[in-house]
Amino acid sequence: MTTRDEVVLDVEGLRMRYGSTEVLRDVNLRVHHGEVVCLLGPNGAGKTTTLEILEGFRMRSAGRIEVLGTDPAHADERWRARVGVVLQSWRDHGRWRVRELLAHLGRYYAPYSTDRVRRPWNADELVAAVGLTAHADKKVRMLSGGQRRRLDVAVGLVGRPELLFLDEPTAGLDPVARREFHDLVESLAAQQDTTIVLTTHDLYEAEKLSDRIMILDGGRIIADGTAEELAHRIAGEDEVRWTHEGRHHRHSTSESTKFVHELFQQYGEDIADLEVRRASLEDTYLSLVRQAESGQDEAAPVNESREVHR
Ligand SMILES: Nc1ncnc2c1ncn2[C@@H]1O[C@H](COP(=O)(O)OP(=O)(O)OP(=O)(O)O)[C@@H](O)[C@H]1O
């Protein structure tokens, strides 16, 4: 069992080559206990490859990796029982019924139960937690795509993992299911016992769920920090909008607080409809990826390691 402040994931100089194609060149990252970390990056950047290596499903070409204190390439069953995995697509078990499948897979984790963590997660409770109660007796192959994705998440959670990897967990989910999934991740994270690493292309989701965002591009982590910290890395300016005497105005500035203060000093209560728009995560992401791809990236992560404050 890891404790707060402990490093759960430690990666140094990770490289991965498929044939003659080098996908990961020098990936360095560190995740602490209880953090929710989101890995972003363009299609083909190597996010799934990275996750699969960390999960022990794929052998790396080079680099040092410790996941829960162990090299995943040489991990045993006890280690595997502490790690939950939701793959990008998984189409087995079509003939099983939902509840039966979770109860069946759960049995594997029973020997790893402790006084603190009762394993496995009770199948009925888990089915309810992922919103599948109405479908608990259905065969897996009869589920819709989104229901199947909820089941994938349940399969990842059944052993009550200390560390959970989620590869695009909300792809294909409807807005209600997506919101329910966000609530589930937040409740797992709030208990401080589950460290979560997820990939997504949904920047709203990344910002909402994660303590920290890492952007993978060109085989490296090109940015690492909170959404706010990343925004500070781009030379972005805030946009201030307001109305004065019926006319709309806008002004771009890197010192929006000072500007607004001066605006009020000058015009006082005649100012209306004041709005300060900071760079969104989408602006930041696009700018960082463009910078990296045009070779301007200084490859300096915002944050080498930081405490978790939730
Ligand atoms: N088994 C494999 N053999 C050869 N090349 C592979 C293999 N798996 C992935 N690749 C290649 O490695 C690169 C990274 O793929 P990966 O799936 O890790 O990217 P990703 O960031 O997860 O992409 P996406 O956002 O599209 O899911 C891609 O160019 C892909 O074609």
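## Overall architecture

Of the 310 residues in the protein, 37% are buried, a residue being called buried when 20 or more other C-beta atoms, placed from the backbone, lie within 10 Å of its own. The structure is a predicted model, in which local features need pLDDT of at least 70 and side-chain atom pairs count only at pLDDT 80 or more, while totals for chains, interfaces and linings use all residues. Residues are numbered from 1 along each chain as its sequence is written.

The protein has ten helices and twelve strands; these are DSSP runs numbered from the N terminus, with helices (H or I) of at least four residues and strands (E) of at least two. Along the principal axes, the C-alpha atoms fill a box of roughly 70 × 45 × 35 Å. Among contacts between residues at least 6 apart in sequence, 70% join residues at least 24 apart, where contact requires C-beta atoms within 7 Å.

## Domains

The domain assignment, which is automatic or comes from a database, gives domain 1 (1-82 + 167-177 + 193-233 + 303-310), domain 2 (84-161) and domain 3 (237-277). The C-alpha centres of domain 1 and domain 3 lie 40 Å apart.

## Ligand surroundings

The shell around the ligand consists of Tyr18, Val23, Gly41, Asn43, Gly44, Ala45, Gly46, Lys47, Thr48 and Thr49; the criterion is a C-beta atom, placed from the backbone, within 6 Å of the molecule. Helix H1 (residues 47-54) supplies the largest share, three residues.

By class, the shell has three nonpolar, six polar and one charged residues. Here Ala, Val, Leu, Ile, Met, Phe, Trp, Tyr, Cys and Pro count as nonpolar, Asp, Glu, Lys and Arg as charged, and the others, Gly among them, as polar.

Val98, Leu101, Leu102 and Gly106 are the buried residues of helix H3 (residues 98-107). They lie on the same side of H3, because they cover an arc of only 130° around the axis, the arc being that of the directions from the helix axis to the C-beta atoms. The buried residues of H3 pack against helix H4 (123-129) and helix H5 (145-157).

Gly156 is found in helix H5 and is buried, with 21 other C-beta atoms within 10 Å. Beyond its neighbours within four places in sequence, Gly156 is in contact with Gly84, Val85, Val86, Leu164 and Leu166. Gly156 and Glu239 are 83 residues apart in sequence, and their C-alpha atoms are 42 Å apart in space.

## Annotated coiled-coil region

An unreviewed UniProt entry places the feature "coiled-coil region" at residues 264-291; such annotations may be inferred rather than shown by experiment. Over residues 264-291 the chain is 54% helix and 25% strand, with the end C-alpha atoms 36 Å apart.

Conventions:
A residue is buried if 20 or more other C-beta atoms lie within 10 Å of its own, exposed if 12 or fewer, and partly exposed in between; C-beta atoms are placed from the backbone. Two residues are in contact if their C-beta atoms, placed from the backbone, lie within 7 Å.
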